[in-house]
Amino acid sequence: MILEVKDLTVEFQIGKNFLTAVNNVNFGLGQQDSLGLVGESGCGKSTTGYALMNLLPKNGRISNGKVLINGVDIVTASDAEVRSIRWKEISMIFQNAMTALNPVQKIGDQIVNALLEHETISRSEAIDRASYFFEKVGISSSRLMQYPHEFSGGMKQRAVIALALICYPKILIADEPTTALDVVAQRQVIELLIDLQKELNLSMILISHDISAVAEACEKIAVMYGGEIMEIGPTRDVLIRNNHPYTNALVGSFPSLHKPISKLTQIPGSPPNLADMPSGCSFYPRCTYAQNICLHEKPPMRSVRFNKLCKCHFAEELDFNQ
Amino acid sequence: MRRLKIFITNKQTIIGLCILSVLLVFAIFAPVISPGDPLFSKGAPIQRPNKEHIFGTDNMGRDVWAMIVWGSRISMVFAFGAAGISLIIGVVLGALSGYIGGVFDDIMSRIFEVFYIIPRTFLIILMVAIFGSSVTLMVIIVGATIWPSNAKIMRAQVLTLKSRTYVQAAEVAGGKRLSILFRHVVPNGIGPVLSNSTLQMAQAVLTEASLSFLGLGDPSVASWGKILQAGQSHISSAPWLVIIPGIVIALMLLAFNLLGTALQMTLNIKQQLIE
Amino acid sequence: MDFAKYIARRVLQMIPVIIAVTIFNFLIINFAPGDPVTVLAGENATQEYMDELREAYGLNEPILVRLKLYMQKLLKGDLGVSYTYRQPVANIIKEKMKVTLMLVLLSEIATIVVGTALGALAARHEGKTLDNIISNVSMMLYCMPVYWLGMLLILFFAVKLQWLPSSGMYSFGSQKYSKSVDLIRHLILPSLTLFLVRLPTYIKLTRSTVVEVAQEDYINSARAIGYSEKDVYKKHALPNALLPTVTVAGMSLSTVFSGALLTETVFSWPGMGRMIFDGVASRDYPIIMGGFLVTTILVVVGSLITDLIYMYLDPRVVHS
């Protein structure tokens with residue numbers, strides 16, 4: 001296991017209260033594994049991504065759990081250790097490529113400086129590597145010395161990918177890498193990521209609300225709701241033969257991947273308010289299969305068919321088939 | 001209401017208001033607190049602070065305490081007079097410029113810019129030197145030179161507000177454009193202008209003190225800057241002539257600056273609440 | 001190409017300012033209370049000199065002819081003759097300007113560097129003790145009139161400790177120090193005054209922009225890349241936060257000169273400010289008007305230079 005996440009819990013301080021944004025999340029990632037994190041906005045998938053790099057906003061903290069990267073716990077590591085792990089072991093493609101780059105620095109300089117921060121090589125070697133990765137993501141290396149505002153949206157996204165890969169990281173987190181792009185560019189970026197993952201032996205975590213993108217790029221998938229993982233397992237088995245009512249509802253609200261576009265169903269109700277979470281199962285208020293027990297008792301994570309884990313009192317009974 | 005509460009309970013607001021109320025009491029009740037003409041000699045010159053003259057006397061035997069008390073009057077007149085003139089000119093020109101737009105706006109913007117960049121203190125000194133230094137005239141001169149920042153802010157506010165639904169609704173309903181502008185648009189956008197006005201009050205007080213310090217003040221009234229002017233030439237023999245009026249000026253500037261900053265913060269909170 | 005066009009546009013924008021000031025000066029000569037000739041020549045001028053001026057400025061001609069004559073004189077660099085110095089104003093200003101720039105440039109550069117650094121430091125420790133100390137001291141300085149601050153420094157360093165001279169540019173008769181050391185000793189207090197008085201402007205500005213910039217996505221990117229917190233601020237937040245500082249530095253040149261006027265008055269520093277002050281005291285209008293015009297031109301040119309610096313620092317300007 002190159003990455004092990006154990007009981008990860010993240011809290012945010014809002015006023016005097018602490019809200020739990022990520023609750024007891026567990027998963028692991030082997031070399032060249034790819035895992036997709038999906039869910040509605042506010043479900044904690046991006047926060048999980050940032051927690052993996054120990055990079056939370058000022059009012060956030062990891063209140064419990066471990067994030068082992070190659071055996072080193074980034075939660076308890078010293079500042080210097082954390083800094084040396086970032087980008088070298090685990091790097092990230094940021095959600096908003098439009099604003100993720102420093103507007104007053106040439107893109108090439110930003111990439112080269114990031115590399116020099118982690119490796120003791122000459123500047124010209126660093127420039128060579130930056131050129132190599134620019135060509136790899138499909139940008140002419142002659143554009144290295146341009147500023148972000150001279151790039152189109154799709155090119156900025158590619159530049160951000162080149163920046164993320166420059167130190168040959170072992171783990172890559174891609175946080176909504178396609179949201180700001182048009183449909184054509186979205187496909188290209190996802191395909192680029194799939195190619196790069198294979199070529200560079202990357203372990204990848206793809207965070208997205210776009211289930212079809214995740215289905216295409218990832219072998220495993222984790223469905224998050226209210227800060228918890230509700231169902232996790234092989235992509236196909238989670239998406240098509242799901243066991244959790246939420247997964248079922250979420251997949252049902254998306255255009256189908258394999259069948260012609262049929263009726264889409266909306267999930268009733270709205271995403272949970274972190275400040276006011278239900279006492280039992282967090283999905284209970286919106287669940288069509290809810291029973292009395294769901295109101296009072298939090299369902300434990302249990303193993304179900306196809307090597308999946310599922311957090312529902314009735315996981316074994318609810319064998320959905322899309 | 002919530003905004004008002006945030007503003008009132010702010011520590012900066014409280015300190016600012018306390019200082020201002022003391023100075024306002026001085027200004028209003030000066031004849032009671034310190035009877036007689038403050039510019040009239042009341043004893044031997046250059047007396048250290050003592051029982052009879054708690055702040056000492058200046059080089060002409062005038063009581064510094066009396067001049068401080070009476071000086072608050074002229075400072076208040078400048079604060080409210082000059083900032084008030086600047087507020088009126090700035091709001092009217094800025095609002096019209098933003099609302100009418102087109103060539104008028106272009107010309108007005110150029111004028112704001114010219115005023116903005118001209119060395120203001122020099123301009124004021126030049127005008128006071130030529131046209132004389134009666135209080136009324138100086139208040140008008142200062143007010144008429146510091147308004148462009150108000151106009152700039154008002155213009156920007158009107159530009160963002162005029163596309164709002166309620167303004168357009170009023171226009172569709174057939175309201176007169178001018179009355180829509182000054183009834184609906186200006187009152188909703190005036191917040192930042194008022195906070196700037198508070199800062200301009202400090203600026204006006206400072207300008208008056210500087211003019212008096214340079215010997216350009218109205219010769220017939222007591223002013224804090226005038227004590228400092230006397231203090232400058234007696235700095236080694238009468239340091240109290242420098243220290244005391246300086247502290248009073250600084251306190252008044254502090255009060256207006258604190259209030260202005262508090263107002264700004266309150267308005268930002270308002271923006272956050274809307275978003 | 002874009003670059004040249006941009007500069008040309010900025011230069012064109014500056015012209016109205018200079019025209020406004022010249023017309024303003026012209027109006028003062030012509031509409032100030034009393035005979036225009038006394039404005040130009042002073043109360044005690046001889047009849048011949050007054051006649052000469054009347055001729056030169058065309059004071060008997062219609063107003064537009066007068067304006068033309070006045071403009072022609074200005075374009076030739078003729079700012080009139082001071083009747084207290086009995087010299088052409090242009091020559092006096094040339095001398096005084098050097099003396100003022102010596103004082104202003106030194107202290108302003110120092111205040112920009114130190115103020116920016118302190119502001120960034122306060123922003124990095126936002127809401128903590130260090131931030132509170134810096135912000136409160138800055139507020140206190142902000143409320144002190146420049147001449148009062150100058151007098152306090154005189155009181156402490158010159159009167160009480162007797163370390164430094166309180167006024168002038170050189171000491172008379174004393175051979176204790178070499179000429180340049182003597183000059184530096186005289187420069188310290190007035191420079192320190194201007195430095196302290198301008199400090200809060202840059203502290204406040206830098207603090208608020210750095211706090212704002214620190215919330216940008218690319219700052220978080222820099223953290224993710226593994227830069228130390230110090231580098232995140234120094235290499236990423238500060239360069240972006242500096243942009244408004246540059247603008248303010250340019251826009252506030254006129255404030256700097258006003259500060260210089262008062263400081264020079266307090267310290268009897270024989271520069272432009274002191275010259276204008278003396279001009280006001282003796283009602284030497286050619287001096288005041290010349291000083292006003294030249295200062296305005298300096299401010300305008302200064303803000304143009306600032307624009308160029310801004311363009312160098314922010315690659316986005318020319319494009320937008």
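Student: How many residues of chain C are in contact with chain A?
Tutor: Happy to start there. This is a predicted model, in which local features need pLDDT of at least 70 and side-chain atom pairs count only at pLDDT 80 or more, while totals for chains, interfaces and linings use all residues. Residues are numbered from 1 along each chain as its sequence is written, and chains are lettered from A and ligands numbered from 1 in the order in which they are written. Two residues are in contact if their C-beta atoms, placed from the backbone, lie within 7 Å; on chain A 20 residues take part, and on chain C the number is 19.

Student: Which element gives the largest share of the side of chain C that touches chain A?
Tutor: Helices here are DSSP runs (H or I, at least four residues) and strands are runs of E (at least two), numbered from the N terminus. Two elements of chain C give two or more residues to that side, α9 (217–225) and α10 (229–251). The largest share, 7 residues, comes from α9(C).

Student: Now within chain A, how far apart are the C-alpha centres of domain 1 and domain 2?
Tutor: The domain bounds, from an automatic or database assignment, are 3–218 for domain 1 and 242–322 for domain 2. Between the C-alpha centres of these domains of chain A the distance is 29 Å.

Student: And which element gives the largest share of the side of domain 1 of chain A that touches domain 2?
Tutor: In chain A, 10 residues of domain 1 are in contact with 6 of domain 2. On the domain 1 side, β2 (17–29) and α8 (211–217) of chain A each give two or more residues. The largest share, 4 residues, belongs to β2(A).
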